[in-house]
Amino acid sequence: MLHDPNRVYVFDTTLRDGEQVPGCQLTTPEKIEIAKELEALGVDVIEAGFPISSPGDFQSVVELSKAVSEPIICALTRANKGDIDSAVAALQYAKRPRIHTGIGSSDMHIKHKFNSTREEILERAVEAVKYAKKSVEDIEFYAEDAGRADVRFLAQMVEAVIAAGATVVNIPDTNGYCLPDQYGSKIKFLKENVKNIDQAIISVHCHNDLGLATANSIAGLQNGARQIEGTINGIGERAGNTSIEEVVMILKTHAILGLHTNINTKNFYELSRMVSSQMRMPVQPNKAIVGSNAFAHSSGIHQDGFLKNRENYEIIRPEDVGFPDASIVLTARSGRHALKFHLERLGFNLNKEELSEVYHRFLTVADSKLDINDQDLLLMMGKQQLA
Ligand code: KIV
Ligand code: ZN
């Protein structure tokens, strides 16, 4: 089958990078429940864990491998034989196993984390890939802290690990350091200067320390990467990882980019709530795509425009991401149009003068409350409750 050059693969690391967050740890049954929903969402790869890190994580990778059949199941390792052996054992039941191995690529990591040299690190990277390749065909290599790495050395590393058998090369902005054009240029440089680059897929893995994870991921895709790594709700180390729902909806909204995924976007909202509740990590109300205010219109100007034509203030239909519906929130900033909309919904059809009179009463009440609910409106209309 011919490879579709515009297909973007989605690699979910909610259960690995996301689960590393303090307080977000999950039991194996909880991980299985989320993994099944990720499968229904249509992700291509599930990073199930880091098997050497604990017996519990090892077991989770074993059980997830049994429970899920469609996506590739991936296990993380450092670039050493012990980690790789553990990952191979944990992946024994996976229908489509992948090993994700790697090592630091920035001079910062090489000197101050590994106390090593570029030459030695390169050797260890190649050895790890060759060793993993003996047991598993699909090998993803991560060049940790690639965002701060010297691009020529990075290119040398990428070329060497592809020659050693890597099928995917992950270029993480581990510290969320890059600007989108810097990150995009790095991917472009690799595309143009690594002679065997067409033998592997370039993957983007961005962190959100400067709030740029999504923008950087998109810049990477625009410059030739074809796999995006992220998590549901953007959870992950420190400020988090790229939020999968954001990247997918950007590609869908900006069809001009010509890129597409296999994601059933209608599943986003429910899965977001499931991850939030199981991981005890609330979703901020203004979070793009899945936050509780993502489709709530509250100012009078916006409400008026929205009620005339939703598309004045709606670039994504809530139902496309499984969100219950857009809402018109009544506050002291709301106008007559929004009040009329809600009163009609409750069965009150007022003429212009009546509406004007109720609107003044409404403003008095709204000034003393954060928002106005149906019960407040009924009281305002002299009713205790709906008939
Ligand atoms: O952020 C990072 O560099 C990682 C790697 C382990 C892929 O999570
Ligand atoms: Zn990461």
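A residue is called buried when its relative accessible area is under 20%, exposed when it is over 50%, and partly exposed in between, with a 1.4 Å probe and protein chains only. The structure described here is a predicted model, in which local features need pLDDT of at least 70 and side-chain atom pairs count only at pLDDT 80 or more, whereas totals for chains, interfaces and linings use all residues. Residues are numbered from 1 along each chain as its sequence is written, chains are lettered from A and ligands numbered from 1 in the order in which they are written, and side-chain values use heavy atoms, with hydrogens and water left out.

A look at the overall fold comes first. The protein chain holds 15 helices and ten strands; these are DSSP runs numbered from the N terminus, helices being H or I with at least four residues and strands E with at least two. The C-alpha trace spans about 80 × 45 × 40 Å along its principal axes. Of the 387 residues, 53% count as buried. Contact means heavy atoms within 4.5 Å, and among contacts with a separation of 6 or more, 72% join residues 24 or more positions apart. By the Shrake-Rupley method with a 1.4 Å probe, in which only the protein chains shown count as cover for residues, the accessible surface of the chain is about 17800 Å², and carbon and sulfur atoms contribute 51% of it.

Oxygen atoms of ligand 1 lie 3.0 Å from a side-chain N or O atom of Arg16, 3.1 Å from one of Asp17 and 2.7 Å from a polar side-chain atom of Thr174. Of the 260 Å² of accessible area that ligand 1 has on its own, the protein covers 92%.

Cys206 belongs to strand E7 (residues 201–206) and counts as buried because its relative accessibility is 0%. Beyond its neighbours within four places in sequence, the contacts of Cys206 include Asp173, Tyr183, Asn241 and Thr242, together with Ala213, Asn216 and Ser217. After H9 comes Gly224, with a positive phi near 120 degrees.

Positive phi values also occur in residues other than glycine, including Asn115, near 50 degrees, and Asp145, near 60 degrees. Asn115 sits in the loop between helix H5 (107–112) and helix H6 (118–133), and Asp145 in the loop between E5 and helix H7 (151–163). Asn115 is exposed, because its relative accessible area is 69%. Asp145, in turn, counts as buried because its relative accessibility is 0%.

Definitions and conventions:
A polar contact is a pair of N or O atoms within 3.5 Å; within protein, one must be able to donate a hydrogen and the other to accept it, and residues adjacent in sequence count only if both atoms are side-chain atoms.
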